[in-house]
Amino acid sequence: MKNDVLLEVDDLKKHFKVNQGWIASLMQSVSGGEPEYVHAVDGVSFNLHAGETLGLAGESGCGKTTTGMSLVKLHEPTAGDIVYNDKELSKATDAELKEFRQNAQMIFQDPFESLNPRMTVYDIVAEPLRIHDIRNETARVQRALEFAELLPAEQYFDQYPHELSGGQRQRIAIARALVLDPDFIVADEPVSMLDVSLRAGVLSLLDRMTDEFGLSVVYISHDLSLLRHMCDRLAIMYMGKIVEKGPTDQIIENPQHPYTQALINAVPVPDPDVGRERVELQGEVGDVIDIPTGCRFKARCPEYIGDVCDKVVPPLEQKVNAEQDIACHIYESAEGYDPYEQLADERQERNVDASDTSDDTESVSADD
Amino acid sequence: MSLLEVNDLEVYYETEDGPAQAVDGVSFELEEGENLGIVGESGCGKTTLAKAIIGILPDAGYINDGSIGFKGDDLTELSGPERRRLKWEEISMIAQSAMNSLDPVYTIREQIVEAVETHRPGTGRIESDQMVTEMFELVGLDPDRADDYPHQFSGGMRQRAMIAMALVLEPSLMLADEPTTALDVIMQDQILKRINSIQEEINSSMLVITHDVSVVAETCDRVLVMYAGKVAEEGPVEEIFNQPYHPYTIGLKRAFPNIRMTDQDLLSISGYPPELVDPPQGCRFAERCPMATERCREEEPEAHYVNGLRSYCHYTDDIDTELRPYADDARTWNQTAAAQNMGGD
C-alpha cells in the first residue's frame, strides 16, 4: 500500500436515535425499554490517500452522506475513529481540531440552500478566513473566485446569491471551500442540482482542483456514470456498510459483490446500440432500525448460500483472485478468514445462551 | 393517420412582463405503439407540452395557436367534459412525483376503482377489484397491499401504483413526465422495464419526457430535442445518438458521462437559455453555439431534413462536410465557455 495516507477511517459508526415523540419516550423511560436507533453508518473503514479521489456510491439511505459529513466532523461518530495525520480525532485537542477543520471542507448538493442569502459573495468566501483568523483576506478571496472561473472576481464581490445562477452559486461554494487551502474536500452530489449543460463545467473545475492543488476529494453520488468519470477508487455502500471497494475501473467493469453487480447493471447507457443485461433484484432496501443478522443484503441476494449469510456478517476483505475488497461469503478470503468457523462458534454460543434468550423475549412481549 | 399530431403548437404563460412563449411552434407526430422521448434542459418547455396535450395547464397557461390532433379530434377545440372523458381512458399521465399525484386520504384501491367507475359506468365492484388485482400484479406490487394508503408505500411502490392507475383503462397514449427521476437506479430500471413490457401487451404509445438522455436511449424509438420552447432536432433514436446534426444535440449528448466509457472529455455548453418573454429573433441557441454566425442571430432556421432527421439549424448541410469534427471536439465548447465566463454575464 502507498504510505501517503491522509485520512484513515476506522470502523466508523453513526447511529441516530429514532424520534418517537414525547409521549412514547416518556413511556419508554418509565418502562425502561431500549430506545431505537437508525444505523445510518454502521462500521465503515477506508483510507484516503493524498491527492486521491474516492467515490462513495449507493442508493438513497445507504449512509453515504452521513459518512461524508462525519469525515468533516459535521457529525460526532457514535463509535470508531478518524485518524488524520497520525492523530486520532476523538483524542484531539481543541487547537488540533481547529486545524483539522481548516483542512477539511465540504461542498453541498444544493447551492440554493448552502449559501447564506443575506451575505454578499465576498463575505461568503471570506467568512472561513475570518473564523480561522487568516490575513490577506482580499487577495485570497480574489484568488479563490478566479480559480472558480468567476471572472473578473471583483464584479462578483458585492453580489448576493439570489442574483446568480445555480452553476455560479456552486462555483462560489467551491471557492469558499478552497479559500482555506484545505487538504481534502467532501463533495456531496456537487452537480446533481445543475442542468446537464452546466455540469461538465463544474466537474472540470473540480478536476482541476485535484490536479493543481493535489487535493484529496471524496465524491458522494448515486450517479455511477459520474463517479466513473471523476474517481480513482470507489466504495459501494449498502445499508450503512461498504460492500465493495477498489479501483474504479475494476469495480465498474468487473463488479463482484451481488449488490454491486445489480447496481451497475441497472445504470442506463446513453447509447441505443448497447444492449444491457438486466438482473431483477427482489424487494427493497431493508430496515436500518432493526438490522437483520448476518449479511444485510441476504433477503434480496440472488447468490444467497444459506445459514452463513443468515448468521455471519461478511467482513470487507481481500479475496482470492480479486483486485477489490469484497464483503461477501461466496468468495474465498485471501486473509484466511473462515466464516463457517464463526457460524459453528455462534451455534455453540446460542445453545449455551438458549435459556437467557427465551427470558428476554418474554420480558419484551410483556412490555408491549 | 398518426395517433397524435401536434401542429405548430404555441403554449404561452401570462406573466407581468407579457406572455412567456414556453412552447413556440412545436410540431411532431406519434404513431401507434411508438415511444417518443422529449429531452431538453429545465425550462425548455417539455413539461408544458405534455400538460397541454393532456389538458392540465395551470391557470396562467393557454394555447395561443396550433392544434393537437388525437385520433381525428383536435384536442384544443374539445369542451371540458369531452376532454375529461379522454383523460385516463385514452390519454393517461405518469407524473414525476407520485407522492403529490395520489390522494392521501383514499386507499390505492379506492383511487383506481374511482377511475374505472367514472370512465366505465356499470362496472361491478367485483370486476373493478379484479382489475386492481391484475394491475398490481402487472406492475409487481402485492395485491394484498391495495387497501393501503399512499403513505404506507415506499417511493418506488407509489410510483408503481401510479403506473397501475395510468394503465388500468388501457389508454392508447401515456405521457410519462420524468417517470423515474425521483427513484434510485435499481428501482428506475425495474419500473422502466415494466412500463415497456406492459406497453407492448396493450400496444399503447408513450411520450417520455426527461432530461436524462440515457433513459431515452433505452426506452424510445424516436427522440425530440427541445430548446427554449422550440424543436431543435427530431428523429430515430439511433440517428440522434450516433450522428446528430443540430449543435445543441451534439453538445447535450457529450455533456453526459457514460458508465461504459473511460476518459471521456465531457463538454459544457456555455451560458444559459434565453428569456422566453422576449426571445431572440434568430436561432434561440445562437448565443450558446460555438459555431453561430451573424445569420444565426438574425434569421430563424427552417427545418432541414437529412438522414431521417429533422434539424433546425442553418448549417445542417455543412455539418457533414466540414463542421462535425469541430463540433465534436470538447475543446471547441469549453473554450467558448471559458471566454464567456471571462466576460461575465
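Modeller: H4(A) and H7(A) are roughly parallel to each other, a term for angles under 35 degrees. This is a predicted model, in which local features need pLDDT of at least 70, side-chain atom pairs count only at pLDDT 80 or more, and totals for chains, interfaces and linings use all residues. Residues are numbered from 1 along each chain as its sequence is written, while chains are lettered from A and ligands numbered from 1 in the order in which they are written.

Biologist: At what angle do the axes of helix H4 and helix H7 of chain A cross?

Modeller: Two packed helices are described by the angle between their axes and the distance between the axes. Here H4 (residues 121–131) and H7 (residues 166–178) of chain A cross at roughly 30°, and their axes come within 7 Å. Helices are DSSP runs of H or I, at least four residues; axes are lines fitted to C-alpha atoms over the stretch in contact.

Biologist: Which residues in H4(A) meet H7(A)?

Modeller: Val121(A), Ile124(A), Val125(A) and Pro128(A) meet Ile172(A), Ala175(A) and Arg176(A) of H7(A); contact requires C-beta atoms, placed from the backbone, within 7 Å.

Biologist: In what order do the four strands of the open sheet in chain B lie?

Modeller: Strands of a sheet pair through backbone hydrogen bonds, either parallel or antiparallel. In chain B the order is E2-E1-E4-E5, with antiparallel pairing; strands are DSSP runs of E, at least two residues, and pairing needs at least two bridges. At the edges, E2 (20–30) and E5 (73–74) of chain B each pair on one side only. E4 (residues 61–70) of chain B joins E5(B) over two bridges, and Gly69(B) has Asp74(B) as its bridge partner.

Technical notes. Axes are lines fitted to C-alpha atoms, for helices over the stretch in contact, and angles run from 0 to 180 degrees between N-to-C directions. Angles under 35 degrees count as roughly parallel, over 145 as roughly antiparallel, 65 to 115 as roughly perpendicular and the rest as oblique. Two residues are in contact if their C-beta atoms, placed from the backbone, lie within 7 Å.
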